[in-house]
Amino acid sequence: ALEFGEWIFTEIRDNESHYLPYVLRNTLMDSNQWGAVRVLPSNDPSVDLQIKGSVLASDGKQIVLHVIASDSAGRVWLDQEYADIAIESDFPKNTRYSQGSPFDDTTFIEPFQDVYNQISNSLVEFREDLTEQQLIGLKRISQMVYASDLAPESFQRNLVKDGETHLLSLVSLPAEEDPMVKRVEDMRVRHHLFIDTVDEYYTSLFKKMRPAYVLWRKYSFERINEELEAGSKPYDYQDYGRSGRYLTLTQRYDRYRWSKIFEMEYQEISAGFNNEVAPAILTLNEKVHGLSGTMEEQYIQWRRILRQLFELEVQTLEQI
């Protein structure tokens, strides 16, 4: 069983998994190097490039991410770790947000923005090594991967996987006037509209989470620095018995007392962060387009509905 403090920080890590991808999403959008960039709860067969990440460390003082990016052909663009360490100037001086002093989204700079910039630059560098023919082929492969997801028996034969590289390539493309292809594109448009809706929910969650997360991360940063400072100044037993021993003991006691008060406040802020984020998570998981459950469950339901709808439309088409 988890201790109370452990439970708090486990929940923070879960909530953080909704926050960090959106920072990367905004970084990629702001770079003007890409088209639509969306945050999704699961792998998606309709997009050209997917980026997944795992948080190896994140405590306000440092962040370490393992990022994997691969395209619809199975080509791996990135598979590496990115890290950054924050300094005092990376955080806002005032994190006591209130109605009179609200969080200012326009002036806030992400403390670990360097990490996201590095990821963005790595993606651009890899893309620049691809030929124009490879990029055009990737778009076509994405179309057939999505078509195969909707109707495997109809479109799987258009793709082949290389036995050595494990990359997908096109054997052939259906005729553009093929009614099945048009149905697939209609479904893909509907699916991307749903993706936009999901992304809007993540946008709302990100904005609601941000002030509380910034506050928690700043306090975590300060707490770690206090512990490092205390650890770098061990009690000097040789000073015991000298004239300054009372001052030394007093300073150590004051620092100990302050650290305990700070630790209690830090726990309260950590719990407060989770409490503030909870309503936003509930909003994220409310029904979208008549679906229910978590956003991950809704996404699975939506893909299932599209497959069923596609089958019905194809059957209707065949009967005409």
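The following exercises, with worked solutions, concern a predicted model of one protein chain.

**Exercise 1.** Describe the secondary-structure content of the protein chain and the order of its elements.

*Solution.* Begin with the inventory: the protein chain contains seven helices and five strands. Next, follow the sequence, along which these elements are arranged as α-β-β-β-α-α-α-β-β-α-α-α. Finally, consider the contacts between residues at least 6 apart in sequence: 70% of them join residues at least 24 apart.

**Exercise 2.** Characterise the largest pocket by its volume, its lining and the elements that supply the lining.

*Solution.* The volume comes first: the largest pocket holds about 1400 Å³ of space. Its lining comprises 45 residues, and those nearest the pocket centre are Val 37, Arg 38, Leu 49, Gln 50 and Ile 51. Sorted by class, the lining has 24 nonpolar, 11 charged and 10 polar residues. Turning to the elements, at least two lining residues each come from helices H1 (4–30), H2 (113–128), H3 (132–150) and H5 (179–232), and from strands S1 (49–58) and S2 (62–71). Helix H1 contributes the most, with eight residues.

**Exercise 3.** Locate Ser 72 and determine whether Ser 72 is buried or exposed.

*Solution.* Ser 72 sits in the loop that links S2 to strand S3 (76–85). Its relative accessibility is 13%, and because the buried class covers values under 20%, Ser 72 counts as buried. For its surroundings, leave aside residues up to four places away in sequence; the residues touched by Ser 72 then include Val 47, Asp 48, Leu 138 and Leu 168. Ser 142 is also touched, and the side chains of Ser 72 and Ser 142 form a polar contact of 2.7 Å.

Methods
Residues are numbered from 1 along each chain as its sequence is written. This is a predicted model: local features need pLDDT of at least 70, side-chain atom pairs count only at pLDDT 80 or more; totals for chains, interfaces and linings use all residues. Side-chain values use heavy atoms; hydrogens and water are left out. On a 1 Å grid over the protein atoms alone, a cavity is a set of points where a 1.4 Å probe fits but cannot get out, and a pocket is an open set with protein on both sides within 12 Å along at least five of seven lines; lining residues have an atom within 4 Å of a point. Grid points are joined across faces, edges and corners, and a volume is the space filled by probe spheres set on the points. Helices (H or I, at least four residues) and strands (E, at least two) are DSSP runs, numbered from the N terminus. Ala, Val, Leu, Ile, Met, Phe, Trp, Tyr, Cys and Pro count as nonpolar, Asp, Glu, Lys and Arg as charged, and the others, Gly among them, as polar. Buried means under 20% relative accessible area, exposed over 50%, partly exposed in between (1.4 Å probe, protein chains only). A polar contact is a pair of N or O atoms within 3.5 Å; within protein, one must be able to donate a hydrogen and the other to accept it, and residues adjacent in sequence count only if both atoms are side-chain atoms. Contact means heavy atoms within 4.5 Å.
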